[in-house]
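Okay, thanks for making time, everyone.

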Amino acid sequence: MNPAEEYILAKPEPWRSMLMELQAVIKHTVPDVEESYKWHLPFYSLKVRCSAF
């Protein structure tokens, strides 16, 4: 398990479910996305474009 997943699983409901759904949508919509953990948040990047939630 990576730090981004640990962050999501540590959140209480209903936030955990919402974050897991958002993570699944991002990974399904953009299969080449790279998931990491920066600034204490899950972070997604695709080449030079970055996004965090």
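Let me begin with a charged pair: R16 forms a salt bridge with E13, and the closest N and O atoms there are 3.4 Å apart. Keep in mind that this is a predicted model. How exposed are the two partners? R16 counts as partly exposed, at 26% relative accessibility, and E13 is partly exposed as well, at 43%.

The peptide bond from E13 to P14 is cis, with omega near 5 degrees. Most peptide bonds are trans, which is why I'm pointing at that spot. P14 itself sits in the loop between α1 and α2.

K27 is partly exposed, with a relative accessible area of 34%.

E35 also has a second polar partner, and that's Q23. The side chains of Q23 and E35 make a polar contact at 2.6 Å. Q23 is in helix α2. Is Q23 buried or exposed? Buried: its relative accessibility is 11%, and the cut-off for buried is under 20%. If you leave out residues up to four places away in sequence, Q23 touches E5, I8, E35 and Y44.

Okay, let me zoom out for a moment. The protein chain has two helices and three strands, and from the N terminus on they run α-α-β-β-β. Of its 53 residues, 21% are buried. The accessible surface comes to about 4,100 Å², and 61% of that belongs to carbon and sulfur atoms. On contacts: take the ones between residues at least 6 apart in sequence, and 30% of those join residues at least 24 apart.

Now to helix α1, which covers residues 3-10. Which of its residues are buried? A4, Y7 and I8. Those three cover an arc of only 95 degrees around the axis, so they end up on the same side of α1.

N2 caps the N-terminal end of α1, with a side-chain oxygen 2.9 Å from the backbone nitrogen of A4.

Let me pick out Y7, which lies in helix α1. Not counting residues up to four places away in sequence, Y7 touches L19, Y37, H40, L41 and P42. Take L41 out of that list: Y7 and L41 are 34 residues apart in sequence, yet 7.3 Å apart in space, C-alpha to C-alpha.

H40 was on that list as well, and its backbone deserves a comment. Phi of H40 is near 65 degrees, a positive value in a residue other than glycine. W39 has a positive phi too, near 55 degrees, and again this isn't a glycine. Most residues other than glycine have a negative phi, so that's the reason I stopped here. Where do they sit? W39 is in the loop between β1 and β2, and H40 is in the loop between β1 and β2 too. As for accessibility, W39 counts as exposed at 66%, and H40 is exposed with a relative accessible area of 63%.

Last stop, the surface. M1, L9 and M20 form a nonpolar patch there, with about 320 Å² of accessible area together. M1 lies in the segment before α1 and counts as exposed, at 66% relative accessibility.

Okay, that's me done; over to you.

Terms used: Residues numbered from 1 in each chain as written. Predicted model: local features only at pLDDT ≥ 70, side-chain atom pairs only at ≥ 80, totals over all residues. Heavy atoms only, no water. Buried < 20%, exposed > 50% of the residue type's maximum accessible area, 1.4 Å probe, protein only. Helix = DSSP H or I, 4+ residues; strand = E, 2+ residues; numbered from the N terminus. Arc of directions from axis to C-beta. Polar contact = N/O pair within 3.5 Å; in protein donor to acceptor, adjacent residues only side chain to side chain. Patch = residues over 30% accessible without salt bridge, like charges linked within 9 Å, V, L, I, M, F, W, Y side chains within 5 Å. Areas by Shrake-Rupley, 256 points an atom, 1.4 Å probe, with all protein chains shown as cover. Salt bridge = Lys/Arg side-chain N within 4 Å of Asp/Glu carboxyl O. Contact = heavy atoms within 4.5 Å.
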